[in-house]
Amino acid sequence: MSGTIVMGASGSWARAMLKISPYTFSAIGIAVAIGISVLGAAWGIYITGSSLIGAAIKAPRITSKNLISVIFCEAVAIYGVIVAIILQTKLESVPSSQIYAPESLRAGYAIFASGIIVGFANLVCGLCVGIIGSSCALSDAQNSSLFVKILVIEIFGSALGLFGVIVGIIMSAQATWPTTV
Amino acid sequence: MYGFEAMTFNIHGGYLEAIVRGHRSGLLTAADYNNLCQCETLDDIKMHLSATEYGPYLQNEPSPLHTTTIVEKCTLKLVDEYKHMLCQATEPLSTFLEYITYGHMIDNVVLIVTGTLHERDVQELLEKCHPLGMFDSIATLAVAQNMRELYRLVLVDTPLAPYFSECITSEDLDDMNIEIMRNTLYKAYLEDFYRFCQKLGGATAEIMSDLLAFEADRRAVNITINSIGTELTRDDRRKLYSTFGLLYPYGHEELAVCEDIDQVRGVMEKYPPYQPIFSKLSYGESQMLDKAFYEEEVKRLCLSFEQQFHYGVFFAYMRLKEQEIRNLMWISECVAQNQKSRVHDSVVFIF
């Protein structure tokens with residue numbers, strides 16, 4: 001069958017891996033992209049939010065400025081949504097004889113990898129921004145000149161999510177499925 | 001996992017940590033203390049304090065003020081803040097907060113037992129107890145004649161019960177035994193608190209170990225100095241020292257055989273963290289030792305606020321607030337007795 005070129009690997013586990021449909025890999029990649037990004041965003045928001053609420057009792061002035069930290073965390077979830085939408089537009093049907101062709105597998109793996117890149121980059125970015133946001137709220141409550149300085153750290157932190165999105169989109173750009181029989 | 005507390009601490013402790021840091025920003029600063037030290041009467045003190053966080057607590061007091069009223073109202077503020085935090089806390093923070101008050105419970109128990117020994121009225125003694133250390137059956141302490149009854153009637157239902165196993169004897173209570181009982185209970189409490197913090201792990205364990213070790217060492221030095229010249233034998237003295245801290249075990253061996261303050265100084269100067277404390281005192285003087293220890297304690301407590309996501313800030317805040325109340329009491333007493341030149345003898349600035 002057409003798989004003889006593909007199955008250079010011997011052993012049943014390797015064959016089992018190669019027989020997993022590229023559609024499966026793509027779908028899991030898309031799920032991870034949005035699911036784990038939202039996990040990171042939510043984690044960051046609760047870390048910042050709990051400190052912000054407590055600190056705002058003694059220093060109510062900090063609430064409006066420190067919502068920026070929450071917005072940075074939310075941005076991470078939006079990156080996940082955008083990439084998931086882009087990835088699902090890359091998912092096309094291939095004729096059934098071509099499902100295990102190398103081109104198909106490459107496309108499947110590319111979408112999977114893109115999803116993992118974006119998901120986990122956004123997870124750690126959300127965590128990072130959340131923890132810094134919590135410290136930012138507490139410091140701002142004590143001394144308002146510290147806010148802008150700590151915000152710079154947060155901006156560097158949120159750039160990490162952006163790196164993940166850029167690399168993810170570049171990966172998924174080469175996810176071309178075979179069209180001819 | 002040490003280093004990764006930031007990821008999960010805020011689930012249960014984030015709100016309360018932010019609250020306690022907000023309370024810390026309300027502690028009196030050096031400028032406030034300077035204003036207070038320049039007051040002529042207690043009414044001036046009340047006026048200055050009403051501009052600080054103590055305002056709502058003092059404003060309704062009628063005008064011949066006593067120093068005890070000022071101290072009582074300030075302590076009431078601490079108690080209100082503590083109770084608010086305790087009812088918002090979940091495990092293990094709630095257990096941690098309760099541990100902080102066991103020292104006051106021990107002091108209250110000793111106060112009532114001593115007072116009963118000297119035939120004071122129970123109601124009068126109850127009013128002098130520290131509010132953080134109250135528990136339900138505390139008034140029954142006046143009935144007990146010896147330690148076994150004390151334990152059986154009252155203390156077995158309190159959190160202090162496990163600390164009594166080392167000091168139950170059938171001897172009647174007298175002044176010497178009560179002091180030994182106080183120190184034995186406090187030793188058991190510190191060790192229990194230390195073990196609890198070690199079990200919590202992470203940044204809490206590290207910071208609290210340092211603070212509790214300092215407390216244990218300070219108590220060792222105070223026990224040594226106070227028992228010089230009394231009938232306390234060396235073995236008894238050694239039994240009162242805690243089993244952790246910088247001085248354990250070699251420093252304790254040396255302290256147990258000290259017979260005067262210069263020998264104590266000789267022992268302590270071998271330990272680099274305590275050397276600056278003892279070098280501030282000139283030879284033969286021990287009055288300034290308390291103030292030097294308080295200053296060192298305040299420095300360490302303030303440092304614990306530098307790190308986020310641990311429980312040490314709660315302990316540190318309670319201790320700093322108690323120090324502030326001690327400062328206010330000293331300033332009010334100096335002003336009330338017209339001894340303003342001695343005000344700076346015992347005030348420890350926090351910021």
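Figure 1. Glu119(B) is exposed, with a relative accessible area of 71%. That value counts as exposed because the cut-off is over 50%. The view comes from a predicted model. Glu119(B) is not a glycine, yet its phi is positive, at about 60°. The residue sits in the loop between α6 and α7 (122-128) of chain B.

**Figure 2. Asn338(B), after helix α16 of chain B.** Where does Asn338(B) lie? It is in the segment that follows α16 (312-336) of chain B. Asn338(B) also has a positive phi, about 60°, without being a glycine. Is Asn338(B) buried or exposed? Its relative accessibility is 66%, so Asn338(B) counts as exposed.

**Figure 3. The cis peptide bond between Glu91(B) and Pro92(B).** Glu91(B) and Pro92(B) are joined by a cis peptide bond. Omega is about -10° here. Pro92(B) belongs to a loop of chain B. On one side of that loop is α5 (67-88), and on the other is α6 (93-117).

**Figure 4. The cis peptide bond between Tyr248(B) and Pro249(B).** The bond that links Tyr248(B) to Pro249(B) is cis. Its omega is about -5°. Look for Pro249(B) in the loop between α11 (234-239) and α12 (250-256) of chain B.

**Figure 5. Two annotated spans of chain A.** An unreviewed UniProt entry lists residues 20-46, 67-87, 107-134 and 146-171 of chain A under "transmembrane region". Two of these spans are described here. Residues 20-46 of chain A are 93% helix and 0% strand. The C-alpha atoms at the ends of residues 20-46 lie 38 Å apart. Residues 67-87 of chain A are 100% helix and 0% strand. For residues 67-87, the end C-alpha atoms are 31 Å apart.

**Figure 6. Confidence along chain B.** How confident is the prediction for chain B? Its mean pLDDT is 88, and 96% of the residues reach 70 or more. The model scores are ipTM 0.87 and pTM 0.92.

How values were computed: Residues are numbered from 1 along each chain as its sequence is written. Chains are lettered from A and ligands numbered from 1 in the order in which they are written. This is a predicted model: local features need pLDDT of at least 70, side-chain atom pairs count only at pLDDT 80 or more; totals for chains, interfaces and linings use all residues. Side-chain values use heavy atoms; hydrogens and water are left out. pLDDT is the predictor's confidence in each residue, from 0 to 100. Helices (H or I, at least four residues) and strands (E, at least two) are DSSP runs, numbered from the N terminus. Buried means under 20% relative accessible area, exposed over 50%, partly exposed in between (1.4 Å probe, protein chains only). UniProt positions are given in the numbering used here, feature names are shortened, and annotations may be inferred rather than shown by experiment.
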